[in-house]
Amino acid sequence: MSPKFGKSPEEVLSNPRLSDAAARVYGALALYFNSRTLQCNPSQKALCDFLHYPESKLKRAMKELDQDGQIVRHYIPGRQTWYELPLLSVSGGSVGEPSV
């Protein structure tokens, strides 16, 4: 299996308003970005397992990203939350194996 790569825009990595955890969460979300649908939909459990973060740390980081406009969260009651990454939507998406 080849490694997966995701884009983390400079605007996220060098943003002084975001914690290191938020930048890592953005990078993890980028791995799930689908350039056809312009969204990503990993579960919180999948992100916590991948990053080795407790749920509380993940939620804080997601809130930072949401408040800073780096992600847009969509919630459909009874279904999974999905995310838009506006910077990746404009730049053409992720690099490496596509995630579906």
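Leaving aside its neighbours within four places in sequence, which residues is N15 in contact with? Select N15 and look around: the partners are E10, D68 and Q70, where contact means heavy atoms within 4.5 Å.

**Before you go on**

You are looking at a predicted model, in which local features need pLDDT of at least 70, side-chain atom pairs count only at pLDDT 80 or more, and totals for chains, interfaces and linings use all residues. Residues are numbered from 1 along each chain as its sequence is written, and side-chain values use heavy atoms, leaving out hydrogens and water.

The chain has a mean of 83, and 82% of its residues reach 70 or more. Helix α4 has the highest confidence, at 96, while helix α5 (residues 86-91) has the lowest, at a mean of 72. Helices here are DSSP runs (H or I, at least four residues), numbered from the N terminus. Please treat residues 93-100 with care: pLDDT stays under 50 there, and the model has 21 contacts for this stretch beyond four places in sequence.

**Stop 1**

Keep N15 selected. N15 sits in the loop between α1 and α2. With a relative accessible area of 8%, N15 is buried; the cut-offs are under 20% for buried, over 50% for exposed, and partly exposed in between (1.4 Å probe, protein chains only).

E11 has 48% relative accessibility and so counts as partly exposed. Apart from neighbours within four places in sequence, E11 makes contact with Q70 and L87. Draw a C-alpha to C-alpha distance from E11 to A23 as well: the two are 12 residues apart in sequence and 9.9 Å apart in space.

**Stop 2: the nonpolar core**

Next, select V25, L29, M62, I71 and L85. These residues have the most contacts inside the largest nonpolar core, which has 24 residues. Such a core is a set of buried Ala, Val, Leu, Ile, Met, Phe, Trp, Tyr and Cys residues joined through side-chain atoms within 4.5 Å. Helices α2 (20-31), α3 and α4 each supply at least two residues of this core, and the largest share, eight residues, comes from α2. In soluble globular proteins, nonpolar side chains tend to be buried together.

Zoom in on L29. Not counting residues up to four places away in sequence, L29 touches C40, P42, L47, M62, I71, Y83 and L85.

**Stop 3: where α3 meets α4**

Show α3 (residues 44-51) with α4 (residues 55-67). Their axes come within 10 Å and cross at roughly 105°. That makes α3 roughly perpendicular to α4, because angles of 65 to 115 degrees count as such. The axes are lines fitted to C-alpha atoms over the stretch in contact, with angles running from 0 to 180 degrees between N-to-C directions.

To see the contact itself, pick Q44, L47, C48 and L51 on α3, then E55, L58, K59 and M62 on α4. By class, this contact has five nonpolar, one polar and two charged residues.

**Stop 4: two loop residues**

Most residues other than glycine have a negative phi. Select L38, in the loop between α2 and α3: its phi is near 60°, a positive value. L38 counts as partly exposed, at 34% relative accessibility.

Finish at H52, in the loop between α3 and α4. Phi of H52 is near 60°, again positive in a residue other than glycine. H52 is exposed, with a relative accessible area of 69%.

Key
Parallel < 35°, antiparallel > 145°, perpendicular 65-115°, else oblique. Nonpolar A, V, L, I, M, F, W, Y, C, P; charged D, E, K, R; others polar. pLDDT = per-residue confidence, 0-100.
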